[in-house]
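Q: I'm new to this one and would like to learn how to read it. Could you take me through it feature by feature?

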Amino acid sequence: MSRLDELRKMGEQSKENKNAVKKENNSYDDILDSIMNRPDAKNLQSSSKEIADIDVSLIDTDEINEQLFGYEDLEKIETSFNTIGNNSVIYVYRRKNGRYLCYAGNQRLIATKKRGDKTITCVISGDEPTEAERIEQLIFMNAQRTPRPYYIAKQLSEYEKLLRRKGKTNVTELIEEKFGYKKAMQKRYQQILKLDNSLQELFKKENVPFSFLLEKCSKLPTGKEDEFAYVLSSMMESEELTTDLITRAYAIATGKEKSNKEEKPKPVKTSQVFKELVSIPYTPDTVITIPDEKKDVIVKQATEMQSYLQKIIDSCKA
């Protein structure tokens with residue numbers, strides 16, 4: 001039984017048993033949600049929803065989705081497909097030109113096309129809405145995701161534009177209500193989008209020490225942005241992205257890294273050179289007694305000390 005047949009069968013069973021399960025309010029959409037584990041399905045209009053296997057060449061990816069959430073998980077999805085196969089279900093709108101627009105499952109669609117699969121099971125959710133409506137729905141659908149810092153910044157930026165277009169004045173408060181970020185944190189995310197493009201790319205990485213990296217980027221001398229981005233990206237290929245790695249990359253990019261050759265040796269204390277000599281108690285009014293096993297060392301250090309003291313005297317007279 002194909003994936004499409006499974007979905008249809010579950011839908012039919014749901015309809016047949018509607019009265020029996022009325023108390024639990026299980027609908028055809030609820031069954032689909034359970035099967036596909038898509039929390040955003042509740043946001044769709046069930047009256048216009050249908051399921052079909054659609055030729056992948058007729059489905060367009062959504063550039064807005066990429067801008068807001070990125071495609072950095074594509075490699076993981078491809079690996080999953082190679083391991084367990086492709087059982088993907090995506091969500092699409094109908095377009096006026098006879099094509100379809102994917103608004104949930106873009107990376108799965110791309111991976112499916114790259115595999116060479118001809119069709120993919122789609123939940124068709126009516127006609128394509130306006131761009132503003134698409135942006136708003138995408139943000140609301142993915143509010144619980146924890147994407148990389150760059151995409152959080154993009155979402156905050158787009159949501160702010162939506163609010164201002166609607167004439168809202170308490171934008172900061174509404175963003176905090178929606179995303180949970182207070183004013184200070186909102187400003188920090190906004191700073192990402194003001195950085196050089198090469199630096200913005202760094203904030204698309206997983207597990208970024210966001211605040212620390214942002215601070216280093218803000219302190220970069222003009223003209224060092226590309227170099228820092230290149231150095232850090234290169235180092236990340238073999239090391240975990242940590243604050244220490246960022247610090248080292250910053251030092252290299254700004255020329256502040258010290259090599260072993262450049263480091264000046266720390267001055268040695270006199271007491272360290274003449275350790276045995278200075279260990280003898282100072283007793284000017286009594287006879288000095290030296291243990292036999294230390295006499296040779298003491299004589300050697302005392303002789304060296306005489307020469308060293310003369311240098312000190314000469315230096316003082318100069």
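Q: Let's start with charged pairs. Which residue forms a salt bridge with Lys114?
A: In general, side chains of opposite charge can pair when their charged atoms come close. The cut-off here: a salt bridge is a side-chain nitrogen of Lys or Arg within 4 Å of a carboxyl oxygen of Asp or Glu. In this structure, Lys114 pairs with Glu78, and their closest N and O atoms are 2.7 Å apart. Lys114 sits in helix H5 (residues 106-115) and Glu78 in helix H4 (residues 74-84), so the pair ties together parts that are 36 residues apart in sequence. By the way, this is a predicted model: local features need pLDDT of at least 70, side-chain atom pairs count only at pLDDT 80 or more, and totals for chains, interfaces and linings use all residues. Residues are numbered from 1 along each chain as its sequence is written, and side-chain values use heavy atoms, with hydrogens and water left out.

Q: Are those two buried or exposed?
A: You read that from relative accessible area: buried means under 20%, exposed over 50%, and partly exposed in between (1.4 Å probe, protein chains only). Lys114 counts as exposed at 56%, while Glu78 is partly exposed at 21%.

Q: How many salt bridges are there?
A: The count comes to 15. One of them joins Lys161 to Glu158, with the closest N and O atoms 3.5 Å apart. Both belong to helix H7 (residues 149-165), and being three residues apart they are separated by about one helical turn. Lys161 is partly exposed at 42%, but Glu158 is buried at 12%.
Another pair is Asp292 with Lys295, at 3.0 Å between the closest N and O atoms. There, Asp292 is exposed at 60% and Lys295 partly exposed at 39%.

Q: Which residues are linked in a network of salt bridges?
A: Look for Asp60, Arg95, Arg99 and Glu128, which are linked this way.

Q: Which way do the strands run relative to their partners?
A: S1 and S5 run antiparallel, joined by seven bridges, and Ile54 has Ile120 in S5 as its bridge partner.

Q: How covered is S5?
A: Strand S5 (residues 119-127) is mostly covered, with seven of its nine residues buried. For the whole protein, buried residues make up 37% of the 318 residues.

Q: Which residues of helix H8 are buried?
A: H8 (residues 171-179) buries Val171, Leu174, Ile175 and Phe179. Seen down the helix axis, they fall within an arc of 110° (taken from the directions from the axis to the C-beta atoms), so they line one face of H8. Just after the helix, Gly180 takes a positive phi of about 90°.

Q: And what does Glu136 touch?
A: A contact means heavy atoms within 4.5 Å. Not counting residues up to four places away in sequence, Glu136 touches Leu162 and Lys166. Glu136 itself is found in helix H6 (residues 131-141) and is partly exposed at 23% relative accessibility.

Notes:
Helix = DSSP H or I, 4+ residues; strand = E, 2+ residues; numbered from the N terminus. Pairing = 2+ DSSP bridges.
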